[in-house]
Amino acid sequence: MKILIAKQLLPFYRFYTVYINKFQYDPDNYKDSFISLSDKVDGVKLDHAREIIYVFWTGNNDLTDNRRKSLKSLVENAGVAIKLVTPNNLTEYILEEFPLHPAYDYLSLVHKADYLRGYFMLHYGGGYSDIKHCLDSWKNLFIKLNGDDNKWVLGVREKYPGGTIDLDNILGKDLKKYYTILITNGAYIYKPNSPICREWMDEVHRRLDIFFPELVKNPGGIFGGDNYPIPWAYILGHVMQPLILKYNDKVIYRNKKLYSISNYR
């Protein structure tokens, strides 16, 4: 009964969080977080996001049958170009003036994909999607984002507080409280060279600098492994979610999901 009531009240809580109890970013509240290291930037005009969706397969193994079907659904349904980036063509995208962090080769395959989505959203912009079954066209989403000079990113609104990272500080509490102004990690569009992505990659590199000596000793497999030093969401959710909270006024939100999470592996 309690679960049923909670589900019924959830839409009203989302409305309250988004429209009534609106979040206001104050860097003084987050002095123990990286998001206060840089001032919040505004008034920046960015280039349009190219109508292309990047997907990453960071291992030398072949895609599974389910992943192939998911990739096929992206090609058939997304309405824009799809580019699969693998170890065979990755070097074509790495900019000489912005090389991969030296820790990249030691990351788990999952963390390599986490790293690359930040790198590509910063330097190239466009869309990113997990390799999962595509449910809808992205064409109008690109048009919507590119038609608003005041917005830098379009993503799927986070629907549950359980989708946020766990931090034992004010930032962690605010991420749970204002989860409806966050976006999910699996599908989004960024305009290139946004301040969000610049701060995102700066923080990822700072974290990798710290972990690098241990990574050399304990490189990752697919998901990590024994003594692998980097926690699961530490170079993606732990970085992107706080930045979306900080820059939520630069986000266009989509309420419907873009992919299915069933049978994708």
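Is tyrosine 93 buried or exposed, and what is its relative accessible area? Tyrosine 93 is buried, at a relative accessible area of 13%, where buried means under 20%, exposed over 50% and partly exposed in between, with a 1.4 Å probe and protein chains only.

1. Basis of the note. This is a predicted model, in which local features need pLDDT of at least 70 and side-chain atom pairs count only at pLDDT 80 or more, while totals for chains, interfaces and linings use all residues. Residues are numbered from 1 along each chain as its sequence is written, and side-chain values use heavy atoms, with hydrogens and water left out.

2. Aromatic pairs. The structure holds 22 aromatic pairs, a pair being rings of Phe, Tyr or Trp (its six-membered ring) with centres within 6.5 Å, called stacked if the planes are under 30 degrees apart, edge-to-face if over 60 and tilted otherwise. The rings of tyrosine 93 and phenylalanine 120 have centres 5.2 Å apart and planes at 50°, so this pair is tilted. The pair links distant parts of the chain, 27 residues apart, since tyrosine 93 lies in the loop between strand S2 (81–85) and helix H3 (109–123) and phenylalanine 120 in H3 itself; helices (H or I, at least four residues) and strands (E, at least two) are DSSP runs numbered from the N terminus. Phenylalanine 120 is buried too, with a relative accessible area of 0%, and one aromatic cluster includes both Tyr93 and Phe120, along with Trp200.

3. Charges over rings. Arginine 157 lies over the face of tyrosine 253, 4.3 Å from the ring centre, and the charged end of arginine 207 sits over the ring of tyrosine 234, at 4.2 Å from its centre. The criterion is NZ of Lys or CZ of Arg within 6 Å of the ring centre and within 35 degrees of the ring normal.

4. Strands S1 and S2. Strand S1 (residues 52–56) and S2 run parallel and are joined by 5 bridges, pairing being assigned if DSSP finds at least two bridges; valine 55 has leucine 84 in S2 as its bridge partner.

5. Asparagine 218. Asparagine 218, in the loop between helix H6 (195–217) and helix H7 (237–246), is buried with a relative accessible area of 17%. Its C-alpha atom is separated by 5.2 Å from that of tyrosine 228, 10 residues apart along the chain. Leaving aside neighbours within four places in sequence, asparagine 218 is in contact (heavy atoms within 4.5 Å) with Asp226, Asn227, Tyr228 and Pro229.
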